[in-house]
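Trainee: Could we go through this structure together, one question at a time? I would like to see how each answer is reached.

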Amino acid sequence: MNMTKVITYGTYDLLHQGHINLLKRAKELGDYLIVGVTNDNFDRDRGKLNVRNNVLERVEAVKSTGLADQIIIEDYVGQKIDDIQKYDVDIFAIGSDWEGKFDYLNEFCKVVYLPRTEGISSTMLREKNTADVHIGIIGCGRIAKRFPSEANVVSGVSVTAAYDIDKGNSQNFVNAFNDITVYDNIQDFYKNVDAVYIATPHLSHYEKIKKSILAGKHVLCETPMVLKEEEARELYSLAESNGIVLMEANKTAHCPAFNHLMVVIKSGLIGDVVDIEASLSQLLDKGGREFDTKQAGGAMFEQGSYPLLPILKLMGTDYLNLELFSRMENGVDIHTKGVFRYPKAVCTFKVGLGVKTEGDLVISGTKGYAYVPAPWWKTDYFELRYENQNDNKKFFYKWDGFGLRYEIQEFISCIYNHRLSSARLRRRESICMAKIMEQFSEHKNFFEI
């Protein structure tokens, strides 16, 4: 007698009795139950980005029920058909609130809509058990204007306040976002928020972060967080001793596709990494802040943390040597190239504000290489390429909006779950970035071209 295989899918956020009842009903349909747990960022089309339980926590919760014979992770559109065929599934089971939506799967197996437990849902539990994190924006300039709309698609957060020393910026913010209160006094601002997003010029970050931590507020600060190693160490230590989440807002670090790329490389699919080349460039108006020496202008400070990211994440922070080569104009670098030497690898990065280059990412390994086309820092697609082109693999993702929603999601998740650091951009990596910025500012191992 053949075994009857059943498959079902869900987010299983804040696992509750309704989930357990549904899993029991699915289990009763056959002999073997496969449970697909939706990945953190895949399910965004159903609503806001989840911030309560990450995918690994949700997998553990499903495993603890003892009802699943096998647990898989749902990563991409169309995976249900692939899974049904891959695991030779007989029955697809899903809650009755999806009635009719999965009839197309009848071509591949039997579809059963199961009655749901009335009066309980993850959404209801989130609303009952958690109040929104009220976040305030410090610095109402160009970047900050992207933040409210991005925060709006993340559950558990409300942007309620803003502060800027420039009254003109504050008034523009009031005009654009009339549901956000703009404060003239920073202490009044702090009284009305739980956390802050800092989007001020680079040189003010240290002071603003420190004040915010001492005021008991969680901090998400634009990248580069600070430009000195000791300042970064001090701030992370201060945050930890006060139970505060301090996170650097590097949007690429939190992008779903970039995180998948890092996992793929670390899993050995291209062998040992021996070379990384990362570049980023823009041709900007030279009358702007980005070219002002008094505001830490230049390509390295403005863009450097992005191409440093894949190098530090894949090769680590213990490099043997870093040489920097820059073309300078009026005291700022319009182009900088860095060459890292590691024990068994060499890595290079290029940034430019007055020099244009191909903005791609190439990670070379002993079995193949990963290629991410420009603009790689907004990763939505990458390839693994091999000697035998038939072995090549392509990965497609979606980059939503301005991309800030992913870093906001992780920030709020850290606050809810009392995690003082994020694996997506570890504190030691953030500190190393500050160390590299400091090396550049002090012109150590530096060559002007």
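Trainee: Why does the radius of gyration of the chain agree with that of a compact globule?

Mentor: The radius of gyration is taken over C-alpha atoms, and the globule rule is 2.2 Å times the number of residues to the power 0.38. With 449 residues, that rule gives a value near 22 Å, and the two agree because the chain has 24 Å.

Trainee: What should I keep in mind about how these values were made?

Mentor: This is a predicted model, in which local features need pLDDT of at least 70 and side-chain atom pairs count only at pLDDT 80 or more, while totals for chains, interfaces and linings use all residues. Residues are numbered from 1 along each chain as its sequence is written, and side-chain values use heavy atoms, with hydrogens and water left out.

Trainee: How many helices and strands are there in the chain?

Mentor: Helices (H or I, at least four residues) and strands (E, at least two) are DSSP runs, numbered from the N terminus. Counted in this way, the chain has 14 helices and 20 strands.

Trainee: What percentage of the residues of the chain count as buried?

Mentor: Buried means under 20% relative accessible area, exposed means over 50%, and partly exposed lies in between (1.4 Å probe, protein chains only). Of the 449 residues, the share that counts as buried is 52%.

Trainee: Is Tyr12 buried or exposed?

Mentor: Tyr12 lies in the loop between strand 1 (5–10) and helix 1 (17–27). A contact means heavy atoms within 4.5 Å, and, leaving aside residues up to four places away in sequence, Tyr12 touches His19, Leu23, Val35, Gly36, Val37, Arg58 and Val62. Because its relative accessibility is 4%, Tyr12 counts as buried.

Trainee: How many cavities of 30 Å³ or more does a search of the whole structure find?

Mentor: Rolling a probe the size of a water molecule over the atoms shows where empty space is left. On a 1 Å grid over the protein atoms alone, a cavity is a set of points where a 1.4 Å probe fits but cannot get out, whereas a pocket is an open set with protein on both sides within 12 Å along at least five of seven lines, and lining residues have an atom within 4 Å of a point. Grid points are joined across faces, edges and corners, and a volume is the space filled by probe spheres set on the points. The number of cavities found is 2.

Trainee: Which element gives the most to the lining of the largest cavity?

Mentor: The largest cavity holds about 80 Å³ of space, and among its 13 lining residues Tyr236, Leu246, Met247, Ser422 and Leu425 lie nearest its centre. At least two lining residues come from each of strand 11 (246–249) and helix 14 (427–441). The most, 3 residues, comes from strand 11.

Trainee: And which element gives the most to the lining of the second largest cavity?

Mentor: This cavity has a volume of about 30 Å³, and its lining is made up of Tyr236, Ala239, Glu240, Ile244, Leu246, Leu420 and Arg427. The most, 3 residues, is given by helix 9.

Trainee: Which residues are the closest to the centre of the second largest pocket?

Mentor: About 960 Å³ of space lies in the second largest pocket. Of the 38 residues that line this pocket, the closest to its centre are Arg142, Ile143, Arg146, Arg289 and Glu302.
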